[in-house]
Amino acid sequence: MTIRVIIVDDQAMVRAGFAALLAAQSDIDVVGEAPDGRRGVEVSRAAHPDVVLMDVRMPEMDGLAAARELLNPPVGIVHRPKVLMLTTFDVDDYVYEALRAGASGFLLKDAPPADLIAAVRIVAAGEALLAPSVTRRLIADFAAQRPAPRKDPSLRRSGLTPRETEVLELIARGLSNQEIAGHLVLAEQTVKTHIGRVLAKLDLRDRAQAVIFAYESGLVRPGDAAS
């Protein structure tokens, strides 16, 4: 199955470079591009991509506002692509807010080409791009700086079973499904089942939001994530 991608960045050279790199892959099809967030939303609504590569800082509408538009569309719009944020900064408040809004992760613009290709495939498959340690550090740093939300998320967490809570904690510490399976002595498919139940019970889109929820509910404290 071909992965449909659009690229939203205010630098024409960046868009052209990423498009050429991704279009050369047999399983990726670049179906559009845009120079700002507002146009990016329009192109996405027309092209129905699987993944949107979204620059953080752009004129007209920045990447955060555009990501919110795509991930929380108005009534009547069904399509919701995966959003992968692009940034030149490894610690950026916009990126954290984008993850809270439902973005599937972020990638530095100067990452190696192989990392960009892998990131698109990972996000398209429904996984959050949380492997780089910098992503976990970013979430931990900004979660620590945020005031407690109006509704205590720990109350939502009370609906999880002890095993589901344990799995959520290990996700937030940065462990992969395989590592969680080894840690808990479970089959990897069983871990996937637990993760699915955690996301459903907490009404979370993906692993990225699960990590943020774990920090904000107090299950994991900044500094606990794997290095």
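Visitor: Hi! Which residues in H2 are buried?

Guide: Hello! Keep in mind that this is a predicted model. In H2, the buried residues are Gly 37, Gly 40, Val 41, Val 43, Ser 44 and Ala 47.

Visitor: Where do they sit around the axis of H2?

Guide: Looking down the axis of H2, the buried residues fall within an arc of 165°, so they line one face of the helix.

Visitor: Why would residues that are three or four places apart point the same way?

Guide: An α-helix has 3.6 residues a turn, so residues three or four places apart end up pointing the same way.

Visitor: Nice. What do the buried residues of H2 pack against?

Guide: They pack against strand E1 (3-8), strand E2 (28-34), E3 and H3.

Visitor: And what caps the N-terminal end of H2?

Guide: Asp 36 does that: one of its side-chain oxygens lies 3.0 Å from the backbone nitrogen of Arg 38.

Visitor: What follows H2?

Guide: His 48 comes after H2. His 48 has a positive phi of about 50°, although it is not a glycine. You can find His 48 in the loop between helix H2 (37-47) and strand E3 (51-55).

Visitor: Is His 48 buried, exposed or partly exposed?

Guide: His 48 counts as partly exposed, because its relative accessibility is 43% and that category runs between 20% and 50%.

Visitor: What about Asp 203, what is its phi like?

Guide: Asp 203 has a positive phi of about 55°, and it is not a glycine either. Asp 203 is in the loop between helix H10 (188-202) and helix H11 (207-216). With a relative accessible area of 68%, Asp 203 is exposed.

Visitor: Let's go to H3. Which residues of H3 are buried?

Guide: In helix H3 (residues 63-71), they are Gly 63, Leu 64, Ala 66, Ala 67, Leu 70 and Leu 71. These residues cover an arc of only 160° around the axis, which puts them on the same side of H3.

Visitor: What happens at the start of H3?

Guide: There, a side-chain oxygen of Asp 62 reaches to within 3.1 Å of the backbone nitrogen of Leu 64.

Visitor: New topic! What does UniProt list for Asp 55?

Guide: An unreviewed UniProt entry lists Asp 55 under "modified residue: 4-aspartylphosphate". In the model, Asp 55 lies in strand E3. Asp 55 counts as buried, at 4% relative accessibility.

Visitor: Which residues is Asp 55 in contact with, leaving aside its neighbours within four places in sequence?

Guide: Asp 55 is in contact with Val 8, Asp 9, Asp 10, Gly 63, Met 85, Leu 86 and Lys 109.

Visitor: Moving on, at what angle do H8 and H10 pack?

Guide: They pack at an angle of about 95°, with axes 9 Å apart. That makes H8 roughly perpendicular to H10.

Visitor: Which residues meet there?

Guide: From H8 you have Arg 163, Glu 164, Val 167, Leu 168 and Ile 171, and they meet His 194, Ile 195, Arg 197, Val 198, Lys 201 and Leu 202 in H10.

Visitor: Is Glu 164 buried or exposed?

Guide: Glu 164 counts as buried, at 3% relative accessibility. The side chain of Glu 164 makes a polar contact with the side chain of Lys 201, at 2.9 Å. A polar atom of the Glu 164 side chain also lies 3.0 Å from the backbone nitrogen of Thr 161.

Visitor: Last one: at what angle do H9 and H10 pack?

Guide: Helix H9 (residues 177-184) packs with H10 at an angle of about 105°, and their axes are 9 Å apart. That makes H9 roughly perpendicular to H10. Asn 177, Gln 178, Ile 180 and Ala 181 of H9 make the contact with Glu 188, Val 191, Lys 192 and Ile 195 of H10.

Conventions: Residues are numbered from 1 along each chain as its sequence is written. This is a predicted model: local features need pLDDT of at least 70, side-chain atom pairs count only at pLDDT 80 or more; totals for chains, interfaces and linings use all residues. Side-chain values use heavy atoms; hydrogens and water are left out. Buried means under 20% relative accessible area, exposed over 50%, partly exposed in between (1.4 Å probe, protein chains only). Helices (H or I, at least four residues) and strands (E, at least two) are DSSP runs, numbered from the N terminus. The arc is that of the directions from the helix axis to the C-beta atoms. A polar contact is a pair of N or O atoms within 3.5 Å; within protein, one must be able to donate a hydrogen and the other to accept it, and residues adjacent in sequence count only if both atoms are side-chain atoms. UniProt positions are given in the numbering used here, feature names are shortened, and annotations may be inferred rather than shown by experiment. Contact means heavy atoms within 4.5 Å. Axes are lines fitted to C-alpha atoms, for helices over the stretch in contact, and angles run from 0 to 180 degrees between N-to-C directions. Angles under 35 degrees count as roughly parallel, over 145 as roughly antiparallel, 65 to 115 as roughly perpendicular and the rest as oblique.
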